[in-house]
Amino acid sequence: MSPLSWEETVTGDKVLTVYIERGMANNEEVVFENEADEHPDMNAGHVIFKIVTYPHRTFKREGNDLHHYATRA
């Protein structure tokens, strides 16, 4: 893909929907190629979303499984 000229450059907003699939690993990336800003002197870049998991007090991930830990009062 060749760089654009100023006449071909379009401005605007675009909504990207990220689907988080079951079993996606921590630090796995979802990449939207050629969806970032572009400039007449360079091609459009990529938009990259990184999956980050955080600890939870009652749920724990073990591999592709999600476990629920609860105490009975």
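Tutor: A definition comes before the count: rings of Phe, Tyr and Trp (its six-membered ring) pair if their centres lie within 6.5 Å; planes under 30 degrees apart count as stacked, over 60 as edge-to-face and the rest as tilted. This is a predicted model, where local features need pLDDT of at least 70 and side-chain atom pairs count only at pLDDT 80 or more, while totals for chains, interfaces and linings use all residues. Residues are numbered from 1 along each chain as its sequence is written, and side-chain values use heavy atoms, with hydrogens and water left out.

Student: How many aromatic pairs does the structure hold?
Tutor: It holds 1 aromatic pair. The ring centres of Phe32 and Phe49 are 6.1 Å apart and the planes stand at 85 degrees, so this pair is edge-to-face.

Student: Which strands do Phe32 and Phe49 lie in?
Tutor: Phe32 lies in strand E1 (residues 29–32) and Phe49 in strand E2 (residues 47–50), so the pair ties together parts 17 residues apart in sequence. Strands here are DSSP runs (E, at least two residues), as are helices (H or I, at least four), numbered from the N terminus.

Student: Is Phe32 buried or exposed?
Tutor: Phe32 is buried, at a relative accessible area of 19%. Phe49 is partly exposed, at 34%. Buried means under 20% relative accessible area, exposed over 50%, and partly exposed in between (1.4 Å probe, protein chains only).

Student: What does Ile48 touch?
Tutor: Leaving aside residues up to four places away in sequence, Ile48 touches Glu29, Val30 and Val31; contact means heavy atoms within 4.5 Å. Ile48 is found in strand E2 and is partly exposed at a relative accessible area of 49%. Its C-alpha atom is 4.6 Å from that of Val31, 17 residues apart along the chain.

Student: Other end of the chain now. How do E3 and E4 pair?
Tutor: Strand E3 (residues 59–62) and strand E4 (residues 65–68) pair in the antiparallel sense over 4 bridges. The bridge partner of Lys60 is His67 in E4. The hairpin has 2 residues between the strands, and Gly63 there takes a positive phi near 65 degrees.

Student: Which side chains meet in a salt bridge?
Tutor: Lys14 and Glu35, at 3.0 Å, N to O. The whole structure has 1 salt bridge, defined as a side-chain nitrogen of Lys or Arg within 4 Å of a carboxyl oxygen of Asp or Glu. Lys14 is in the segment before E1 and Glu35 in the loop between E1 and E2, 21 residues apart. Lys14 counts as exposed at 58% relative accessibility, and Glu35 as partly exposed at 30%.

Student: How many helices and strands does the chain have, and what share of residues is buried?
Tutor: The protein chain has 0 helices and 4 strands. Of its 73 residues, 8% count as buried.

How values were computed
Two strands pair if DSSP finds at least two bridges between them.
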